[in-house]
Amino acid sequence: MAVLEIRNLCKSFGGIVVADQIDLDLKAHGVLGLIGPNGAGKTSLFNLICGVVPPDAGSITLDGLSMEGQPIHERARLGLARTWQTLRLFPSLSVIDNLMLGPRDYSADRLIDVFLRPTYIAQREREARQRAEYILERTGLIAIKDSPVMDITYGQQKLVGVARALMNEARCLLLDEPMAGVEGQTYALIQKVVRDLAESGVAICVVEHNVAFIKDLCDEGVFMFAGKVLARGSVDQLIADPHLTELYFGT
Amino acid sequence: MDYLYSILILIGLFIILASSFDLVIGHCGLISIAHPIFYAIGAYVSAMLAKHNIMPIPLAMLSGGVVAFVASALVAVPALRVSGDYLLIASIGFQLGLIELAKHIHEIGGAGGLTNIPSFLIRDYGRESYVVLVLVLAGLTVLFIKWLTQGPYGRMMAAMRDDELAFSMLGRNAIWVKVSVFGIGSGIAGIAGGLYAHYFRFLEPDQFGLLQSSAVLTMVVVGGLRTAWGPVIGALVLQLMPQMITFFNLPPSVLGPLQGLIFTGLVLVFMFKRPQGLLAAPVIWTGKAPEKRGA
Amino acid sequence: MFDVAVVSQILWTSFATSSYFVLFAVAFALVLKVNKVFNFAQAGVMTCGFYAAYVAVRLLEWPGFAGLLAGIAGALLMSFILEYFGFAVLRQRKASPMFVFIFTLIVSQFISYAIMLVFGTWPTTIFASMFWPVTLVGGIAVSAWDVPAIAATLVVLIALWVFLRFTRYGQFMLAVADNADLAELYGIQKNKVLMISMLMAGVIVAIGMFLYGSRAQVQAAAATELMLFAVASTILGGIGNIWGAAVAAIILGIVQNSSILFIPSAWQGFLLYAFLFFAIVLFPRGFRLPERANKLKRTIRAPDALVTKQEG
């Protein structure tokens, strides 16, 4: 069964269609790449899935639960996590504090606990810190865990973005251009983290511009154009299709 | 001596008001200047409950805080569901509207003011005891807010100020955090209102208008947003400075506007020359001292 | 109980008196649309406009027309100071919206205290008398104030429409309102356009205050309430929609003035806050805030812009 099911999803802003009857399944253990030219509606699709913008029509279910009308934070608590093209880290927090806000249920989510159950809060904080440290270890960030996120390199920030999304222990993870602007060791690290995660059973969807990145990361690709899903298949198949290549590079 | 006590009590009350306002506007980043109306609600509720012997004064004061808490939620929930900007307009409308309403209700004294509010502590233990009570509560408020903002809840507020969308995407409910913090801040102001009512024993609606809003805002901005001691310094400076003007024996028609001019002028000067206030808040949220964090 | 003559009289007077409400609302909506600021400092501009006219007519004994010009000059000067030393500086510093907002609020308070110090707290009017001769038109008393006030408002609205529609700078203003960054890319001088929009709002509120001050008493703090009325109209009219704000102002003006038929007059002042609250609680969903509307537009525009860049 698919982890995330999208059926007949439609959205337009004014006259511009960003999602046109999209049907899409994300399966556990799979990494799906979204390919398509600028303005094809890839990031818009992420925004629709996360509830940043409401759809005009269609349904999205996560593990069989409908997410219709659910606000962003509720979707996250159902096990949906994402990273952002522009990272959107919290500049006034350190690396580890950025991560510690990530668990599906955070220690201080209920204010009443803060006042009445200090030991519970301390316990949850300890667990979150342990988990954050474990993830930072895996992503090679442990040495800079107390640095402010604005003081680290772009590649490290990119890793923090992914690491923060991992705190959710999500069922479904959406990565918006995780590899762009990253090279060398960091590139390999992100690749490994994503592959490991898929193996552990998470359904992953990646938006990437660079087809080479998609090939390194994904088992399968989906070609989007003007808000439509045009084709789905192995990345090599998609690249080989002359029609799609033409659409991608324009004429 | 009474004069000195009054000033000390006002300083204490303004420390409570400014600190709780800093929690709302500084730590949580909510734009509202209607803080004095929750002070007013606490004061009136406590005064009326005590005046009609419905409950003992300490309980009445607490009830004032609770009513202020509830009232703040009534303003914040509908407004914040739309956007942060609406909170400001809704709360100003609420503040001025409620003042206008209070002027027309005879049972609470109308525009002329509510008199003969029962006093607390003073008759049995003297005015000094009230001064001590207020100053102790002021200290507790400062410590409470320091504790809250340095704990996991403070981490949430810092992140929410930075980027609300990313914050929501982690599963945190931004609206709920805002409503809660707005409520806590307003509830504290409500309790301070009760403390005011049972010492000065007279309330009138116009006391709680925009002049008072600018005064509290000035204290926070001048002292330094998001610092534990900034509001304290702000309250001290801005409470003592107008007292100095009173020594010039100016007529009240000049004194009021002059005070207002000083408050607002100071905010303007600070906004352009030293936006961080007298005490600058650290850029990075650090929480409690690392050794206390536990392993 | 409701006599037709009485009702139509009240409706007419309410309609006439809503003229200045329309002007205040239009000015507020214009600045919100173009400058993207909830400009509570408009109250300060209004106060300056009124007292400039007051000084000219009552103290210097200039004729009424010169008083109007003085009022406009006063409002223009204040608007210029606000934009040049205030908003422009804050923009350059990339101050947060909260910061800008507090600035507008504090400035308007500052001006009202300064005016109180200079002119005292007593209410006053532009002309020595605020009673206007009345003519009966078909059973309705029409005062000599009503018709010029309505005419002046209409002239301002038409002029604004023509300006936005047909002049270069009017088009620039709409472009900046639509997407300031994009407009700047096309070579529009944003700062100049924003200054013009502030100055225009200044002229509009000065005319409004002249109308108001020749009919009702004004004191230093009065402008705040008048401005809150404009805020309620702007929200009800749909943020970003100047003409919607004008229509909402007429409706609210008529409702408030004719409320005399239903509720005791002492409660009339309270009605404003009820409007404000209803506007926010009941009608906000349909209206997008400038910031949000802007983001939406950017998501639409971005692909085009990028596509052109790629081609080029």
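**Notebook: confidence, a contact and a sheet**

I started with residues 290-295 of chain B, where pLDDT stays under 50. For this stretch I found three contacts beyond four places in sequence. The model is predicted. Where pLDDT is low, the predicted coordinates should not be read in detail.

I then looked up chain B as a whole. Its average pLDDT is 89. At least 70 is the score of 97% of the residues.

Next I turned to the contact between chains B and C. Chain B puts in 33 residues and chain C puts in 30 residues. On the chain C side, I listed the elements that give two or more residues: α4 (97-119), α9 (222-237) and α11 (268-282) of chain C. Helix α4(C) supplies the largest share, 13 residues. I also sorted this side of chain C by class. I got 26 nonpolar residues, four polar and no charged ones.

Last, I went to chain A for its sheet. Four strands make up an open sheet, in the order β2-β1-β4-β5 (chain A). The pairing is antiparallel. I checked which strands sit at the edges: β2 (16-27) and β5 (65-66) of chain A, each pairing on one side only. Strand β4 (residues 57-62) of chain A is joined to β5(A) by two bridges. For A:Leu62, I noted A:Leu65 in β5(A) as the bridge partner. Helix α1 (residues 42-50) of chain A packs on this sheet. I see α1 of chain A touching β1 (2-13), β2 and β4 of chain A. The direction of this helix makes about 70° with that of β2(A).

Note on methods. Residues are numbered from 1 along each chain as its sequence is written. Chains are lettered from A and ligands numbered from 1 in the order in which they are written. This is a predicted model: local features need pLDDT of at least 70, side-chain atom pairs count only at pLDDT 80 or more; totals for chains, interfaces and linings use all residues. Two residues are in contact if their C-beta atoms, placed from the backbone, lie within 7 Å. Ala, Val, Leu, Ile, Met, Phe, Trp, Tyr, Cys and Pro count as nonpolar, Asp, Glu, Lys and Arg as charged, and the others, Gly among them, as polar. pLDDT is the predictor's confidence in each residue, from 0 to 100. Two strands pair if DSSP finds at least two bridges between them. Axes are lines fitted to C-alpha atoms, for helices over the stretch in contact, and angles run from 0 to 180 degrees between N-to-C directions.
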